Amino acid sequence: MTVGMEGGDSLQRAMMLYGMPEFVSAAEPEVRIRLDATLQLPPCTLLHRFDISDGNDECRFCIDADGVYWYDYGKDRLLRYDLRTPDIVELSPMADASVLRFALWTAYSMLGLPRRKVPIHSSVVVCNGHAVMCLGESGTGKSTHTRLWLENIQGAHLLNDDSPILAVEEDGVMVYGSPWSGKTHCYHQERVPVAALLRLEQKPENSIRKLGVIESFAALQPSCPPCMVKDERCTDMLVDFISEVIRHTAVYRMGCLPNAAAALMSHKTIIG
């Protein structure tokens, strides 16, 4: 999905964010983000509230009487998305770099969901032309496990360490690098077929097993953007997306230690 960005000062700030210059493309945009739009928040129903920017700012996800989605980042920093015009997201001026980065990620999430392209909280390693997406709650060792692949498996490389784009396309389930890679600055404009999703848990010994349909759904859903389960229309699209992913892609659950043996076990099981 090629995104065009339009605007003044916020556009200049966006292009100075880590990762953004690596994803500049001359392709014709499929969708657009309009920065520095003049927006005024109407009366809304609150759907979800959460912290952003390391807890220094709060975001409210809302819906107005016309069914238009709003993200309110405080201090008149707003995002507007109307499913009746699904190719456009509007953002008000945003001077704070961390809020702007998060707002752009949110804009991509909203534009991508109807197109079956969703940012997934994961760390992705590529080996032999196929990707393994490590899923799990923060602190479960996703980055550690992919690092162990890099250290112990020849030819492995990191695609993204925080928020790659998972996509259901005509030729299969693919994962893309993105400008959002957390504290690891790993920005690759790369498209790779997904070999498997790997849900990690810290355990006193290494073990791995393939999951059935219900467990596979439960393994992937928590790693999708959380606001999408707060609204019925988003939830319907998300359920369809996850169902398509797990229909075509193996999902494993792994209990593991932070050691080389864990990486070798998952590599042998998934890649062979």
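## The β9–β10 hairpin

Asn128 adopts a positive phi near 55° in the hairpin of β9 and β10, where two residues sit between the strands. Before we go on, a word on the ground rules: this is a predicted model, so local features need pLDDT of at least 70 and side-chain atom pairs count only at pLDDT 80 or more, while totals for chains, interfaces and linings use all residues. Residues are numbered from 1 along each chain as its sequence is written, and side-chain values use heavy atoms, with hydrogens and water left out. Helices (H or I, at least four residues) and strands (E, at least two) are DSSP runs, numbered from the N terminus.

β9 and β10 (residues 130-135) are antiparallel partners over five bridges; two strands count as paired if DSSP finds at least two bridges between them. Across this pairing, Val124 faces Met133 in β10. β9 also pairs with β11 (residues 157-160), again in the antiparallel sense, over three bridges. There, Val125 has Leu158 as its bridge partner.

## A strand buried on both sides

In a regular strand, side chains alternate between the two faces of the sheet. In β9, Ser123, Val125 and Cys127 point one way, Val124 and Val126 point the other way, and all are buried. Buried here means under 20% relative accessible area, exposed means over 50%, and partly exposed lies in between (1.4 Å probe, protein chains only). Because five of the five residues of β9 (residues 123-127) are buried, the strand is largely enclosed by the rest of the structure.

β5 pairs with β4 (residues 57-64) in the antiparallel sense over four bridges, and Ile63 stands opposite Tyr69. The hairpin of β4 and β5 has four residues between the strands, and Gly67 takes a positive phi near 80° in it.

Asp72 is opposite Leu78 in β6. This hairpin has five residues between its strands, and Gly74 in the turn shows a positive phi of about 80°.

## Aromatic rings

A search of the whole structure turns up seven aromatic pairs. Rings of Phe, Tyr and Trp (its six-membered ring) pair if their centres lie within 6.5 Å; planes under 30 degrees apart count as stacked, over 60 as edge-to-face and the rest as tilted. Tyr73 and Phe102 make an edge-to-face pair, at 6.2 Å centre to centre with 85° between the planes.

## The cores and helix α4

In soluble globular proteins, nonpolar side chains tend to be buried together. A nonpolar core is a set of buried Ala, Val, Leu, Ile, Met, Phe, Trp, Tyr and Cys residues joined through side-chain atoms within 4.5 Å. The largest one has 60 residues, and Tyr71, Tyr73, Leu91, Leu104, Leu166 and Leu220 have the most contacts inside it. Helix α2 gives the most to this core, with nine residues. Apart from it lies another core of 18 residues, including Val132, Leu198, Cys256 and Ile270.

Helix α4 (residues 213-220) has Ser216, Ala219 and Leu220 as its buried residues. Viewed down the helix axis they fall within an arc of 90°, so they line one face of α4; the arc is that of the directions from the axis to the C-beta atoms. Among the elements covering them are β10, β12 (165-169), β14 (191-202), α5 (232-248) and β16 (250-256). Leu220 itself is in contact (heavy atoms within 4.5 Å) with Ile120, Leu135, Leu166, Leu197, Ile242 and Val245, leaving aside residues up to four places away in sequence.

## Cysteines

How many disulfides are there? The count is zero, taking a disulfide as a pair of cysteine sulfur atoms within 2.5 Å. Cys127 is buried at 1% relative accessibility, and its sulfur lies 12 Å from the closest cysteine sulfur, in Cys134, too far for a bond. Cys224 is buried too, with a relative accessible area of 3%; the closest cysteine sulfur to its own is in Cys234, 12 Å away and too far for a bond.
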